[in-house]
Amino acid sequence: MPAVQATIEYLEDLPLYETEKPYWCLLPPHEDFDPNKHRVDNLEFELRPNITISDIRDAKEDLTLETSGFQVLSHHSECSALPQTVEDVSAYKTETEIMLKENLNAAFVKCYELRARKNVIFQREQFDINDPLLVEGPARGAHNDVTYDSGPIIINRHLSEEDKNLYLRPGYRFRIVKWV
């Protein structure tokens, strides 16, 4: 497949972000506050055209976490594309943990989150971000989900005390992997 040119949305590089982190608040409506009428973010985006996107499938053997910071894996899931029940979510997480453990030769894998997405813009007044069956629209802007600062917070939030005692010590390293 030949390379294609695309336009990608990025967070604008504003002076504001030097003193204030970009944010988007998910707040419930309450007295004197309507999230549809009051701004709940400081996000400003810009479109950057002529971004080359190349098909890397033929080079996937050369791309590893060690050398490239990402890896291409092929996997056919036994689970449905969009989970219908909490049990479906659990089954998908377990299947993902097994697949990543095998492919990355990991001692331990914890699938701490599942975000089901459709390429549809949803117009919703309210939603529960903690609902394991929530289907979201596309994420806005090119972004990374984990930062140098948030990585340890994620690890501490999602590992049990037993797992922390076992793996937060010399001889182990952590990788937070986005499986798409």
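Modeller: E113, R115, R117 and E136 are linked in a network of salt bridges. A salt bridge here is a side-chain nitrogen of Lys or Arg within 4 Å of a carboxyl oxygen of Asp or Glu. Side chains of opposite charge can pair when their charged atoms come close.

The model is a predicted one, in which local features need pLDDT of at least 70 and side-chain atom pairs count only at pLDDT 80 or more, while totals for chains, interfaces and linings use all residues. Residues are numbered from 1 along each chain as its sequence is written, and side-chain values use heavy atoms, with hydrogens and water left out.

E136 belongs to strand 4 (residues 135-136) and R115 to the loop between helix 3 and strand 3, so the pair ties together parts that are 21 residues apart in sequence. Helices (H or I, at least four residues) and strands (E, at least two) are DSSP runs, numbered from the N terminus. E136 is buried, at a relative accessible area of 15%, while R115 counts as partly exposed at 33%. For these words, buried means under 20% relative accessible area, exposed over 50%, and partly exposed in between, with a 1.4 Å probe and protein chains only.

The count of salt bridges comes to twelve. One of them joins the side chains of E44 and R39, at 3.0 Å from N to O. Of that pair, E44 is partly exposed at 31% relative accessibility, and R39 is exposed at 53%. Another joins K164 and E161, at 3.3 Å from N to O. K164 and E161 both lie in helix 5 (residues 161-167), three residues apart, which is about one turn of the helix. K164 counts as buried, at 13% relative accessibility, whereas E161 is exposed at 54%.

As for charge over the whole chain, there are 20 positive and 32 negative side chains, and the centres of the two sets lie 3 Å apart. Lys and Arg are taken as positive and Asp and Glu as negative, without His or the chain ends. The place of a charge is NZ of Lys, CZ of Arg, CG of Asp or CD of Glu.

The loop that holds R115 also holds N105, since that residue lies between helix 3 and strand 3 (116-117). N105 is exposed, with a relative accessible area of 72%. Its phi is positive, about 55 degrees, although N105 is not a glycine. Most residues other than glycine have a negative phi. N50 is a further case, with a positive phi of about 60 degrees and not a glycine either. N50 is part of strand 2 and counts as exposed at 59% relative accessibility.

Helix 3 itself contains T96, a buried residue at 6% relative accessible area. Not counting residues up to four places away in sequence, T96 touches C111 and W179, where contact means heavy atoms within 4.5 Å. Beyond its neighbours within four places in sequence, P83 is in contact with D88, V89, L114, A116 and L133.

The chain as a whole has five helices and four strands, and from the N terminus these elements run β-α-β-α-α-β-β-α-α. Its C-alpha atoms fill a box of roughly 50 × 45 × 35 Å along the principal axes. Of the 180 residues in the chain, 18% are buried. Among contacts with a separation of 6 or more, 52% are between residues 24 or more positions apart. The chain exposes about 14,000 Å², with carbon and sulfur atoms supplying 51% of it; accessible areas come from the Shrake-Rupley method with a 1.4 Å probe, and for residues only the protein chains shown count as cover.
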